[in-house]
Amino acid sequence: MLAVSGASFAEAGGVSVNLTNGKNIYENGKPDTGVPACAVCHGDKAMGNDGMGSPRLANIGYVYIVKQLTNFAEDKRMDTVMQQMNGIAKGLSEQDRRDLAAYENSFPRASELSDLNALKADGKKIGEAYKGEILVKYGRNGPDVAAKDKVSACVSCHGYNGRGADPVYPKIGQQKYVYLVGQLTNWRSASRTNDPMGQMRAVAHNLTDDDINNVATFLSQAPDSTAGDGMDVDNQTVLKNIKAVH
C-alpha cells in the first residue's frame, strides 16, 4: 500500500497525483463545493454498500475511476442509483478526480464480499453461481446458439474472474452484487451509454434477467486468483505504474 502522510505524491502514467488530497476528499469531502465524504456511501475501505446500491471503488482501476468521475461531471453518465454523483463530480476539479482515483487504488488488495444470504433474506433474487461462471469464462456462443442469444465471455475484456485489465476495463470481480445487477440492467436497456465503442451495451443486450443474476452472483464472490491461473495478484499488480515519489 502506498503510504499517505504529509505531502504524499505519486505519479500515474506521467500524471502527478496527490494522495493526501485524495484521502482528505474521500474521508471529509469538500464542503466549500458541496462535495460530501465519499466514505459515507462507499465505506471507509471503499468496498461499497449493497444496501445503498453503491459500488466498490477500491482497486477497480485508476483510469476507469477518473473516466467515470469525468463522465459524471460532464453528464455523459447519469447516476441512476442515488442521483448524487453528477452533482458531486461537478464539485471536483480535474486534479481532485485524479487524486481520488489514485487514493482509492492505494487501498490494500482485500475482500469484503456481498452477503448473498442476507440479500436473499431481504427479498433480492440471487442467481446460480455455476451458471454465472460459465458466462463469465466462456460466454454463450457456438454454431447452435442463435444470434439473439450470443454473449461474449466477460474474461475476454475484464480478465480472469473479472479482476480487471487496466487501463480500459475495470475490476468487476468482487464488486457489490446489487451494483452489478443494476449496471448490467442499465447496459442492457442502454440507459447507461458511456462504454467504449458500445461494448457493454452489445454484450448486455442478449442477457436475460436470470443471466444477469447468475453473472452477478458469481462475480460478486469470485477470487482474484486461484491455483493454476498463472498469475499472483498483489498490490504491485494493482498499482501498476503508480509509483510513490517523495
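This is a predicted model: local features need pLDDT of at least 70, side-chain atom pairs count only at pLDDT 80 or more; totals for chains, interfaces and linings use all residues.
Beyond its neighbours within four places in sequence, Leu100 makes contact with Gly22, Ile25, Tyr26, Cys38, Leu69 and Leu92.

**The largest nonpolar core**

Leu100 is among the residues with the most contacts inside the largest nonpolar core, as are Tyr26, Ala46, Tyr62, Leu69 and Leu92. The core comprises 27 residues. Colour four helices to see where it draws its members: H1 (19-28), H3 (62-73), H4 (85-90) and H5 (94-104) each give two or more residues to it. Which of these helices supplies the largest share? It is H3, with seven residues. As a general background, nonpolar side chains in soluble globular proteins tend to be buried together.

**A second core**

Now select Leu116, Leu135, Cys154 and Val178. These four are included in a second core, which is separate and has 21 residues.

**Along helix H3**

Because 10 of its 12 residues are buried, H3 is largely enclosed by the rest of the structure. Its buried residues are Tyr62, Tyr64, Ile65, Val66, Gln68, Leu69, Thr70, Asn71, Phe72 and Ala73. Following H3, select Asp75, which has a positive phi, near 60 degrees.

**Gln68**

Go back into the helix and select Gln68, which lies in H3. Is Gln68 buried or exposed? Its relative accessibility is 6%, and the limit for a buried residue is under 20%, so Gln68 counts as buried. Now display its surroundings. Leaving out residues up to four places away in sequence, Gln68 touches Arg77, Arg192 and Asn194.

**The whole protein**

Finally, zoom out and show the complete model as a cartoon. Its secondary structure consists of 12 helices and three strands. Of the 246 residues, 47% count as buried. Among contacts with a separation of 6 or more, 64% are between residues 24 or more positions apart. Switch to a surface display to end the tour: the protein exposes about 11,900 Å², of which carbon and sulfur atoms supply 54%.

How values were computed: Residues are numbered from 1 along each chain as its sequence is written. Side-chain values use heavy atoms; hydrogens and water are left out. A nonpolar core is a set of buried Ala, Val, Leu, Ile, Met, Phe, Trp, Tyr and Cys residues joined through side-chain atoms within 4.5 Å. Buried means under 20% relative accessible area, exposed over 50%, partly exposed in between (1.4 Å probe, protein chains only). Contact means heavy atoms within 4.5 Å. Accessible areas come from the Shrake-Rupley method with a 1.4 Å probe; for residues, only the protein chains shown count as cover.
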